[in-house]
Amino acid sequence: LRRLVAEGFEVRVLPPSTSADELSTEKYSGVVLSNGPGDPSAVAGARELIADLVGHMPILGICMGCQLLGLALGGRTVKLPFGHHGGNRPVRELSTGKVLVTAQNHNYVVEESSLPREVEVTHINLTDGTLEGLSLPRAGVEAVQFHPEASPGPNDSIGLFERFADRCRGNE
């Protein structure tokens with residue numbers, strides 16, 4: 001929340017039961033799908049809600065938000081044999097080649113091979129090669145599996161929030 005406020009946004013936290021119609025009638029400039037515990041495929045209605053939002057407003061997914069977005073885009077999630085937990089987890093940002101120092105806390109991941117061709121893999125975990133980020137540029141959608149708000153690097157991932165803010169303002 002503090003990263004979004006720092007970008008100049010008025011932030012509202014909404015329950016997962018919020019409908020796509022409610023979001024569009026309130027004139028929100030974007031949606032952040034936040035982190036949460038458990039199996040993303042067990043979150044009733046999330047896949048459908050998110051699919052309804054794709055292409056209509058910018059979306060940023062974080063951790064479970066990345067997994068839910070992956071499901072909404074047609075992918076599958078799988079449980080990791082050993083979850084990713086703690087700090088100092090190396091992740092490669094594919095567009096720049098930079099290695100980001102990340103904080104992570106998840107047991108599920110989007111299965112890269114399950115995603116449609118138009119979905120781009122943006123980040124890869126350097127420890128086990130699993131997907132750590134995805135995007136659908138034509139729809140203003142981006143998500144990461146790690147926690148950029150935790151500032152583990154300390155600011156390795158700040159660009160994620162800046163890009164989201166630009167999309168919300170129509171600059172991208």
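I began with helix 4 (residues 64-72) and found it mostly covered, with 9 of its 9 residues buried. Here buried means under 20% relative accessible area, exposed over 50%, and partly exposed in between, with a 1.4 Å probe and protein chains only. Helices (H or I, at least four residues) and strands (E, at least two) are DSSP runs, numbered from the N terminus. The buried residues of helix 4 include M64, C66, Q67 and A72. G74 follows the helix and has a positive phi, near 105°.

I noted the basis of the entries: this is a predicted model, local features need pLDDT of at least 70, side-chain atom pairs count only at pLDDT 80 or more, and totals for chains, interfaces and linings use all residues. Residues are numbered from 1 along each chain as its sequence is written, and side-chain values use heavy atoms, with hydrogens and water left out.

**Cysteines**

I looked for disulfides (a pair of cysteine sulfur atoms within 2.5 Å) and found 0. C63 is in no disulfide, and the nearest cysteine sulfur, that of C66, is 8.3 Å away. C63 counts as buried at 2% relative accessibility, and C66 is buried at 0%. I placed C63 in the loop between strand 2 (59-62) and helix 4. Its phi is near 55°, a positive value in a residue other than glycine.

I recorded a positive phi for another residue other than glycine, N88, near 60°. N88 lies in strand 3 (residues 77-93) and is exposed, with a relative accessible area of 63%.

**Largest pocket**

I then examined the largest pocket, which holds about 1100 Å³ of space. On a 1 Å grid over the protein atoms alone, a pocket is an open set of points where a 1.4 Å probe fits, with protein on both sides within 12 Å along at least five of seven lines; lining residues have an atom within 4 Å of a point. Grid points are joined across faces, edges and corners, and the volume is the space filled by probe spheres set on the points. Of the 39 lining residues, R12, V31, V32, L33 and S34 are the closest to the centre. Helix 3 (46-53) supplies at least two lining residues; its 4 residues are the largest share.

**Aromatic pair**

I searched the whole structure and found 1 aromatic pair. Rings of Phe, Tyr and Trp (its six-membered ring) pair if their centres lie within 6.5 Å; planes under 30 degrees apart count as stacked, over 60 as edge-to-face and the rest as tilted. The pair is F9 with F164, tilted, at 6.5 Å centre to centre and 40° between the planes. F9 sits in the loop between helix 1 and helix 2 (20-25), and F164 in helix 5, 155 residues apart. Both F9 and F164 are buried.

**Salt bridges**

I counted 5 salt bridges, each a side-chain nitrogen of Lys or Arg within 4 Å of a carboxyl oxygen of Asp or Glu. R76 and E111 meet at 2.7 Å, N to O. R76 is partly exposed at 47%, as is E111 at 24%.

E142 forms a salt bridge with R167, the closest N and O atoms being 3.0 Å apart. E142 lies in strand 7 (residues 141-144) and R167 in helix 5, so the pair ties together parts 25 residues apart in sequence. E142 is buried at 7%, and R167 counts as buried at 12%.
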